[in-house]
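Dear colleague,

Please find the structure below, handed over for your use.

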Amino acid sequence: RGRASRFGGRQNLAGTRRRRTTTMTAASWRSAGVLLIVLLALLAGALAAEDYYKVLGVSRSASPAQIKRAYRKLAVELHPDKNGGDPDATAKFTSVTNAYEVLSDADKRNIYDKYGEEGLKQQGGGGGGGGGNPFDIFNTFFGGGGGFGFNFGGEQQDGEPETPKGADLVIPLECTLEDLYIGRKVNIQRTKTITQKAPGKRRCNCRQVMKTQQLAPGMFTQTLAHECDECDNVRFVTEDLELEIEVEPGMSQGHQIRFFEEGDAIIDGDPGDLIFVVEEVAAPDSPWSRKEGSSVDLTLRHWVTLKEALLGFSHVVHHFDGRTVTLQSSNVVQYGHIAKVEGEGMPAKDGSTKGDLYVEYLVKLPEKLTAAEKKQLEETLA
(Lines give C-alpha, C1' and ligand atoms only; values in the text may rest on other atoms or scores of the structure.)
Protein backbone atom coordinates (compact mmCIF):
# COMPACT_ATOMS: atom_id res chain seq x y z
CA ARG A 1 0.00 0.00 0.00
CA GLY A 2 2.88 2.29 0.77
CA ARG A 3 4.50 1.82 -2.64
CA ALA A 4 1.15 2.24 -4.38
CA SER A 5 0.56 5.43 -2.40
CA ARG A 6 3.97 6.81 -3.33
CA PHE A 7 3.43 5.88 -7.00
CA GLY A 8 0.02 7.51 -6.90
CA GLY A 9 1.65 10.61 -5.42
CA ARG A 10 4.11 10.74 -8.29
CA GLN A 11 1.20 10.38 -10.72
CA ASN A 12 -0.58 13.35 -9.18
CA LEU A 13 2.63 15.43 -9.26
CA ALA A 14 3.21 14.60 -12.96
CA GLY A 15 -0.39 15.48 -13.73
CA THR A 16 0.04 18.81 -11.96
CA ARG A 17 3.18 19.52 -13.98
CA ARG A 18 1.38 18.68 -17.20
CA ARG A 19 -1.50 21.00 -16.26
CA ARG A 20 0.93 23.79 -15.44
CA THR A 21 2.72 23.26 -18.75
CA THR A 22 -0.58 23.32 -20.61
CA THR A 23 -1.66 26.48 -18.77
CA MET A 24 1.62 28.23 -19.55
CA THR A 25 1.36 27.24 -23.22
CA ALA A 26 -2.18 28.61 -23.48
CA ALA A 27 -1.07 31.84 -21.79
CA SER A 28 1.81 32.14 -24.24
CA TRP A 29 -0.58 31.68 -27.16
CA ARG A 30 -2.92 34.31 -25.71
CA SER A 31 -0.02 36.76 -25.35
CA ALA A 32 1.10 36.07 -28.89
CA GLY A 33 -2.47 36.55 -30.11
CA VAL A 34 -2.77 39.90 -28.34
CA LEU A 35 0.57 41.02 -29.79
CA LEU A 36 -0.53 39.95 -33.27
CA ILE A 37 -3.78 41.90 -32.96
CA VAL A 38 -1.89 45.01 -31.87
CA LEU A 39 0.55 44.71 -34.79
CA LEU A 40 -2.30 44.15 -37.26
CA ALA A 41 -4.10 47.19 -35.88
CA LEU A 42 -1.00 49.30 -36.29
CA LEU A 43 -0.46 48.06 -39.84
CA ALA A 44 -4.13 48.61 -40.71
CA GLY A 45 -3.89 52.14 -39.41
CA ALA A 46 -0.79 52.72 -41.50
CA LEU A 47 -2.55 51.52 -44.63
CA ALA A 48 -5.80 53.42 -44.07
CA ALA A 49 -4.34 56.72 -42.89
CA GLU A 50 -3.40 59.70 -44.98
CA ASP A 51 0.02 59.42 -46.60
CA TYR A 52 2.11 62.30 -45.25
CA TYR A 53 4.71 61.92 -48.00
CA LYS A 54 1.98 62.21 -50.57
CA VAL A 55 0.53 65.27 -48.81
CA LEU A 56 3.88 67.08 -49.13
CA GLY A 57 4.52 65.66 -52.60
CA VAL A 58 7.86 64.08 -51.68
CA SER A 59 9.22 60.56 -51.99
CA ARG A 60 9.70 58.36 -48.94
CA SER A 61 13.46 58.80 -49.34
CA ALA A 62 13.23 62.62 -49.25
CA SER A 63 15.90 64.40 -47.24
CA PRO A 64 15.03 66.72 -44.31
CA ALA A 65 15.97 69.68 -46.51
CA GLN A 66 13.57 68.54 -49.24
CA ILE A 67 10.78 68.12 -46.70
CA LYS A 68 11.43 71.61 -45.35
CA ARG A 69 11.40 73.18 -48.80
CA ALA A 70 8.25 71.29 -49.80
CA TYR A 71 6.48 72.56 -46.68
CA ARG A 72 7.65 76.12 -47.33
CA LYS A 73 6.21 76.04 -50.86
CA LEU A 74 2.85 74.46 -49.95
CA ALA A 75 2.31 76.39 -46.73
CA VAL A 76 2.68 79.71 -48.54
CA GLU A 77 0.39 78.57 -51.38
CA LEU A 78 -2.34 77.26 -49.06
CA HIS A 79 -2.22 79.75 -46.18
CA PRO A 80 -5.79 80.98 -45.41
CA ASP A 81 -4.65 84.63 -45.54
CA LYS A 82 -3.61 84.13 -49.17
CA ASN A 83 -6.80 82.24 -50.09
CA GLY A 84 -9.40 84.49 -48.50
CA GLY A 85 -10.22 81.99 -45.77
CA ASP A 86 -11.31 79.33 -48.29
CA PRO A 87 -12.32 76.23 -46.22
CA ASP A 88 -10.77 73.78 -48.68
CA ALA A 89 -7.45 75.64 -48.67
CA THR A 90 -7.55 75.84 -44.86
CA ALA A 91 -8.10 72.07 -44.60
CA LYS A 92 -5.21 71.40 -46.97
CA PHE A 93 -3.02 73.89 -45.08
CA THR A 94 -3.72 72.00 -41.84
CA SER A 95 -3.00 68.65 -43.50
CA VAL A 96 0.30 69.92 -44.96
CA THR A 97 1.38 71.33 -41.61
CA ASN A 98 0.53 68.10 -39.77
CA ALA A 99 2.55 66.14 -42.32
CA TYR A 100 5.52 68.49 -41.91
CA GLU A 101 5.33 68.29 -38.11
CA VAL A 102 5.77 64.52 -38.29
CA LEU A 103 8.25 64.16 -41.15
CA SER A 104 10.53 66.94 -39.91
CA ASP A 105 11.00 65.12 -36.59
CA ALA A 106 13.37 62.15 -36.99
CA ASP A 107 11.79 60.10 -34.18
CA LYS A 108 8.21 60.71 -35.31
CA ARG A 109 9.15 59.99 -38.91
CA ASN A 110 10.72 56.67 -37.93
CA ILE A 111 7.56 55.63 -36.05
CA TYR A 112 5.34 56.81 -38.88
CA ASP A 113 7.35 54.88 -41.48
CA LYS A 114 6.90 51.67 -39.50
CA TYR A 115 3.38 51.96 -38.08
CA GLY A 116 1.67 54.99 -39.64
CA GLU A 117 -0.55 57.42 -37.75
CA GLU A 118 -1.76 54.71 -35.40
CA GLY A 119 1.80 54.18 -34.24
CA LEU A 120 2.12 57.88 -33.45
CA LYS A 121 -1.06 57.72 -31.39
CA GLN A 122 0.29 54.74 -29.46
CA GLN A 123 3.46 56.73 -28.74
CA GLY A 124 1.47 59.70 -27.47
CA GLY A 125 1.73 61.69 -30.66
CA GLY A 126 -1.78 63.08 -30.48
CA GLY A 127 -4.15 62.73 -33.40
CA GLY A 128 -1.58 61.15 -35.64
CA GLY A 129 0.37 64.27 -36.53
CA GLY A 130 1.26 65.54 -33.08
CA GLY A 131 -1.79 67.76 -32.85
CA GLY A 132 0.17 71.04 -32.99
CA ASN A 133 -1.54 74.28 -33.96
CA PRO A 134 -0.83 74.67 -37.71
CA PHE A 135 -0.58 78.46 -37.44
CA ASP A 136 1.90 78.24 -34.57
CA ILE A 137 4.02 75.81 -36.59
CA PHE A 138 3.81 78.11 -39.62
CA ASN A 139 4.82 81.16 -37.59
CA THR A 140 7.70 79.29 -35.95
CA PHE A 141 8.93 78.13 -39.36
CA PHE A 142 8.75 81.58 -40.97
CA GLY A 143 9.36 83.69 -37.88
CA GLY A 144 6.03 85.43 -38.43
CA GLY A 145 3.79 87.12 -35.95
CA GLY A 146 0.41 85.53 -36.39
CA GLY A 147 0.26 84.86 -40.10
CA PHE A 148 -1.74 87.97 -41.01
CA GLY A 149 0.04 90.30 -43.38
CA PHE A 150 2.64 87.63 -44.21
CA ASN A 151 4.70 88.51 -47.26
CA PHE A 152 3.44 86.21 -50.02
CA GLY A 153 5.53 87.83 -52.76
CA GLY A 154 8.62 86.52 -54.50
CA GLU A 155 10.96 87.14 -51.56
CA GLN A 156 11.58 84.83 -48.68
CA GLN A 157 10.73 86.03 -45.19
CA ASP A 158 14.27 87.24 -44.51
CA GLY A 159 14.28 89.44 -47.61
CA GLU A 160 16.78 87.30 -49.54
CA PRO A 161 15.83 86.25 -53.05
CA GLU A 162 14.47 82.74 -53.47
CA THR A 163 16.94 80.00 -54.31
CA PRO A 164 16.98 79.23 -58.06
CA LYS A 165 15.23 76.02 -58.99
CA GLY A 166 15.91 73.69 -61.89
CA ALA A 167 13.44 72.97 -64.66
CA ASP A 168 10.73 70.41 -63.93
CA LEU A 169 11.07 67.01 -65.56
CA VAL A 170 7.72 66.06 -67.10
CA ILE A 171 7.02 62.43 -68.07
CA PRO A 172 3.79 61.07 -69.57
CA LEU A 173 2.18 58.20 -67.65
CA GLU A 174 -0.03 55.98 -69.78
CA CYS A 175 -3.17 54.78 -67.97
CA THR A 176 -6.13 52.81 -69.23
CA LEU A 177 -9.70 53.63 -68.27
CA GLU A 178 -9.59 50.68 -65.87
CA ASP A 179 -6.51 52.14 -64.15
CA LEU A 180 -8.33 55.44 -63.66
CA TYR A 181 -11.46 53.69 -62.38
CA ILE A 182 -10.00 51.38 -59.72
CA GLY A 183 -6.59 53.03 -59.21
CA ARG A 184 -3.12 51.67 -59.79
CA LYS A 185 0.31 51.70 -58.16
CA VAL A 186 3.44 51.71 -60.28
CA ASN A 187 6.97 51.23 -58.95
CA ILE A 188 9.66 52.72 -61.15
CA GLN A 189 13.44 52.78 -60.97
CA ARG A 190 14.86 56.22 -61.67
CA THR A 191 18.43 57.37 -62.16
CA LYS A 192 18.72 61.07 -61.40
CA THR A 193 21.56 63.56 -61.37
CA ILE A 194 22.66 64.97 -58.02
CA THR A 195 25.53 67.19 -56.89
CA GLN A 196 28.37 65.97 -54.73
CA LYS A 197 31.09 67.98 -52.95
CA ALA A 198 34.43 68.04 -54.80
CA PRO A 199 37.91 69.32 -53.85
CA GLY A 200 38.62 73.02 -54.16
CA LYS A 201 36.66 76.27 -54.09
CA ARG A 202 34.77 78.27 -56.71
CA ARG A 203 32.95 81.55 -57.19
CA CYS A 204 29.22 81.16 -56.71
CA ASN A 205 25.96 83.03 -56.15
CA CYS A 206 27.20 85.88 -58.31
CA ARG A 207 24.92 88.92 -58.47
CA GLN A 208 24.77 92.60 -59.34
CA VAL A 209 24.73 94.88 -56.27
CA MET A 210 24.63 98.63 -55.79
CA LYS A 211 27.57 100.00 -53.79
CA THR A 212 27.55 103.43 -52.19
CA GLN A 213 30.80 105.39 -51.83
CA GLN A 214 31.31 108.70 -50.01
CA LEU A 215 33.25 111.21 -52.07
CA ALA A 216 33.13 114.11 -49.63
CA PRO A 217 31.03 115.24 -46.70
CA GLY A 218 27.45 115.04 -47.89
CA MET A 219 28.45 113.71 -51.31
CA PHE A 220 27.87 110.07 -52.26
CA THR A 221 28.01 108.05 -55.45
CA GLN A 222 26.46 104.67 -56.32
CA THR A 223 27.98 102.17 -58.69
CA LEU A 224 26.86 98.78 -59.95
CA ALA A 225 29.26 96.04 -58.88
CA HIS A 226 29.54 92.33 -59.60
CA GLU A 227 29.78 90.35 -56.37
CA CYS A 228 30.22 86.61 -55.76
CA ASP A 229 30.49 84.25 -52.82
CA GLU A 230 33.07 81.50 -52.37
CA CYS A 231 31.65 77.97 -52.30
CA ASP A 232 32.91 74.41 -52.33
CA ASN A 233 33.41 72.83 -55.70
CA VAL A 234 30.73 70.33 -56.74
CA ARG A 235 30.43 67.66 -59.35
CA PHE A 236 27.48 65.83 -60.90
CA VAL A 237 26.96 62.16 -60.08
CA THR A 238 24.04 59.80 -60.59
CA GLU A 239 21.84 58.23 -57.95
CA ASP A 240 19.39 55.34 -58.32
CA LEU A 241 16.12 55.42 -56.43
CA GLU A 242 12.75 53.74 -56.48
CA LEU A 243 9.53 55.75 -56.65
CA GLU A 244 5.99 54.55 -56.14
CA ILE A 245 3.47 56.33 -58.34
CA GLU A 246 -0.11 56.13 -57.13
CA VAL A 247 -2.83 56.65 -59.71
CA GLU A 248 -5.97 57.43 -57.73
CA PRO A 249 -9.52 56.50 -58.79
CA GLY A 250 -11.13 59.41 -60.60
CA MET A 251 -7.99 60.88 -62.15
CA SER A 252 -8.28 61.88 -65.78
CA GLN A 253 -6.30 63.05 -68.80
CA GLY A 254 -3.73 65.70 -67.87
CA HIS A 255 -3.74 65.12 -64.11
CA GLN A 256 -0.32 65.72 -62.59
CA ILE A 257 1.40 63.55 -60.00
CA ARG A 258 4.25 65.64 -58.61
CA PHE A 259 7.36 64.54 -56.72
CA PHE A 260 8.96 67.57 -55.10
CA GLU A 261 12.61 68.13 -56.07
CA GLU A 262 13.02 64.69 -57.63
CA GLY A 263 14.18 66.22 -60.91
CA ASP A 264 17.81 66.64 -61.89
CA ALA A 265 20.13 68.85 -59.85
CA ILE A 266 21.53 72.20 -60.91
CA ILE A 267 24.53 74.19 -59.69
CA ASP A 268 23.74 76.69 -56.91
CA GLY A 269 20.05 75.84 -56.78
CA ASP A 270 17.42 73.31 -55.88
CA PRO A 271 16.43 70.43 -58.18
CA GLY A 272 13.28 70.79 -60.23
CA ASP A 273 10.23 68.64 -59.60
CA LEU A 274 9.50 65.30 -61.24
CA ILE A 275 6.00 65.39 -62.71
CA PHE A 276 4.07 62.46 -64.17
CA VAL A 277 1.17 63.55 -66.38
CA VAL A 278 -1.71 61.10 -66.83
CA GLU A 279 -2.19 60.15 -70.47
CA GLU A 280 -5.36 58.16 -71.00
CA VAL A 281 -4.96 55.39 -73.56
CA ALA A 282 -7.50 52.94 -74.92
CA ALA A 283 -7.13 49.30 -73.96
CA PRO A 284 -7.01 47.02 -77.02
CA ASP A 285 -10.47 45.76 -78.09
CA SER A 286 -12.15 47.26 -75.02
CA PRO A 287 -15.86 48.13 -75.40
CA TRP A 288 -15.53 50.76 -72.67
CA SER A 289 -14.75 54.43 -73.28
CA ARG A 290 -15.20 57.79 -71.62
CA LYS A 291 -18.31 59.61 -72.87
CA GLU A 292 -17.35 62.50 -75.09
CA GLY A 293 -17.64 65.82 -73.33
CA SER A 294 -17.77 64.32 -69.82
CA SER A 295 -15.07 63.50 -67.28
CA VAL A 296 -17.18 61.07 -65.24
CA ASP A 297 -19.64 59.40 -67.65
CA LEU A 298 -18.80 56.14 -69.43
CA THR A 299 -19.94 54.54 -72.67
CA LEU A 300 -20.24 50.77 -73.20
CA ARG A 301 -20.77 49.27 -76.65
CA HIS A 302 -22.80 46.10 -76.12
CA TRP A 303 -23.85 43.56 -78.73
CA VAL A 304 -27.20 41.70 -78.82
CA THR A 305 -28.54 39.23 -81.34
CA LEU A 306 -31.44 40.02 -83.68
CA LYS A 307 -33.65 37.71 -81.67
CA GLU A 308 -32.72 39.50 -78.43
CA ALA A 309 -33.24 42.90 -80.05
CA LEU A 310 -36.77 41.89 -81.07
CA LEU A 311 -37.89 39.77 -78.13
CA GLY A 312 -35.92 41.12 -75.18
CA PHE A 313 -32.95 39.98 -73.13
CA SER A 314 -31.20 40.09 -69.77
CA HIS A 315 -27.42 40.24 -69.81
CA VAL A 316 -24.83 40.52 -67.03
CA VAL A 317 -21.62 42.44 -67.68
CA HIS A 318 -18.65 42.86 -65.36
CA HIS A 319 -17.53 46.35 -64.41
CA PHE A 320 -13.87 47.34 -63.98
CA ASP A 321 -13.93 46.51 -60.27
CA GLY A 322 -15.50 43.07 -60.81
CA ARG A 323 -19.05 44.04 -59.85
CA THR A 324 -21.86 42.80 -62.09
CA VAL A 325 -24.22 45.16 -63.89
CA THR A 326 -27.46 43.82 -65.36
CA LEU A 327 -28.53 45.07 -68.79
CA GLN A 328 -32.06 44.11 -69.79
CA SER A 329 -34.93 45.03 -72.04
CA SER A 330 -38.39 43.63 -72.75
CA ASN A 331 -39.02 45.89 -75.76
CA VAL A 332 -37.60 46.09 -79.25
CA VAL A 333 -34.10 47.56 -79.20
CA GLN A 334 -33.02 49.54 -82.26
CA TYR A 335 -29.45 49.40 -83.56
CA GLY A 336 -27.52 52.26 -81.92
CA HIS A 337 -30.07 52.73 -79.14
CA ILE A 338 -28.47 54.24 -76.03
CA ALA A 339 -29.71 53.40 -72.53
CA LYS A 340 -28.59 55.18 -69.36
CA VAL A 341 -27.59 53.29 -66.21
CA GLU A 342 -27.31 55.76 -63.35
CA GLY A 343 -24.34 55.72 -60.98
CA GLU A 344 -22.22 53.26 -62.95
CA GLY A 345 -19.79 55.75 -64.47
CA MET A 346 -16.38 56.96 -63.33
CA PRO A 347 -15.85 58.05 -59.72
CA ALA A 348 -15.28 61.75 -59.12
CA LYS A 349 -11.75 62.68 -58.03
CA ASP A 350 -12.92 63.45 -54.48
CA GLY A 351 -14.84 60.15 -54.32
CA SER A 352 -18.13 61.91 -53.51
CA THR A 353 -20.13 60.86 -56.58
CA LYS A 354 -20.07 58.69 -59.67
CA GLY A 355 -21.04 59.47 -63.21
CA ASP A 356 -23.50 57.47 -65.32
CA LEU A 357 -23.04 54.64 -67.78
CA TYR A 358 -24.44 54.98 -71.29
CA VAL A 359 -24.92 51.62 -73.03
CA GLU A 360 -24.93 51.71 -76.82
CA TYR A 361 -26.68 48.61 -78.18
CA LEU A 362 -25.38 47.08 -81.39
CA VAL A 363 -27.47 44.42 -83.13
CA LYS A 364 -25.65 41.49 -84.65
CA LEU A 365 -27.50 40.31 -87.78
CA PRO A 366 -27.32 36.71 -89.01
CA GLU A 367 -24.85 36.19 -91.83
CA LYS A 368 -27.37 34.23 -93.90
CA LEU A 369 -30.93 32.86 -93.78
CA THR A 370 -32.34 29.60 -95.12
CA ALA A 371 -35.29 29.65 -97.49
CA ALA A 372 -37.57 28.46 -94.69
CA GLU A 373 -36.31 31.19 -92.36
CA LYS A 374 -36.87 33.83 -95.05
CA LYS A 375 -40.44 32.62 -95.65
CA GLN A 376 -41.18 32.55 -91.93
CA LEU A 377 -39.75 36.04 -91.53
CA GLU A 378 -41.82 37.37 -94.45
CA GLU A 379 -44.98 35.93 -92.92
CA THR A 380 -44.13 37.37 -89.51
CA LEU A 381 -43.40 40.86 -90.82
CA ALA A 382 -46.26 40.95 -93.33
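Axes here are lines fitted to C-alpha atoms, for helices over the stretch in contact, and the angles between their N-to-C directions run from 0 to 180 degrees. Please bear in mind that this is a predicted model.

On the H3 side, the residues in contact are Lys 68, Tyr 71, Arg 72, Ala 75 and Val 76; on the H6 side, they are Pro 134, Ile 137, Phe 138, Phe 141 and Phe 142. Sorted by class, this contact of H3 with H6 contains eight nonpolar and two charged residues, and no polar ones.

Helix H3, which spans residues 64-78, also packs against helix H4, residues 87-103. Their axes lie 9 Å apart, at an angle of about 165°. Because angles over 145 degrees count as roughly antiparallel, H3 is roughly antiparallel to H4. The crossing of H3 and H4 is left-handed. From H3, the contact involves Ile 67, Lys 68, Tyr 71, Leu 74, Ala 75 and Leu 78. From H4, the contact involves Ala 89, Lys 92, Phe 93, Val 96, Thr 97, Tyr 100 and Leu 103. By class, the contact of H3 with H4 has ten nonpolar residues, one polar residue and two charged residues.

Helix H4 packs in turn against helix H6, residues 134-142, at an angle of about 65° and with the axes 9 Å apart. H4 passes H6 in a left-handed crossing. The residues of H4 that make this contact are Phe 93, Thr 94, Thr 97, Tyr 100 and Glu 101, and those of H6 are Pro 134, Phe 135, Ile 137, Phe 138 and Phe 141. In this contact of H4 with H6, seven residues are nonpolar, two are polar and one is charged.

**The S2-S3 hairpin**

Strand S2, residues 184-216, and strand S3, residues 219-247, run antiparallel and are joined by 28 bridges. The two strands form a hairpin with two residues between them. In the turn, Gly 218 has a positive phi of about 80°. Gln 214 has Phe 220 in S3 as its bridge partner, while Ile 188 stands opposite Leu 243 in S3.

S4 and strand S5, residues 274-280, run antiparallel and are joined by four bridges. Within S5, Phe 276 is the bridge partner of Ile 257.

Another open sheet has four strands in the order S6-S7-S11-S10, and its pairing is mixed. Here the edges are strand S6 (288-290) and strand S10 (338-341), each of which pairs on one side only. Neighbouring strands in this sheet are turned by 30° against each other on average, direction ignored. S10 pairs with strand S11, residues 357-364, in the antiparallel sense over four bridges. Lys 340 stands opposite Tyr 358 in S11.

**Aromatic pairs**

Eleven aromatic pairs are found in a search of the whole structure. One of them joins Tyr 53 and Tyr 112, whose ring centres are 6.2 Å apart and whose planes stand at 40°, so the pair is tilted. Tyr 53 lies in helix H2 (residues 52-56) and Tyr 112 in helix H5 (residues 106-122), so this pair ties together parts that are 59 residues apart in sequence.

With kind regards

Methods
Residues numbered from 1 in each chain as written. Predicted model: local features only at pLDDT ≥ 70, side-chain atom pairs only at ≥ 80, totals over all residues. Heavy atoms only, no water. Pairing = 2+ DSSP bridges. Parallel < 35°, antiparallel > 145°, perpendicular 65-115°, else oblique. Left-handed = near helix turned anticlockwise from the far one by under 90°. Contact = heavy atoms within 4.5 Å. Nonpolar A, V, L, I, M, F, W, Y, C, P; charged D, E, K, R; others polar. Phe/Tyr/Trp six-rings, centres within 6.5 Å; stacked < 30°, edge-to-face > 60°.
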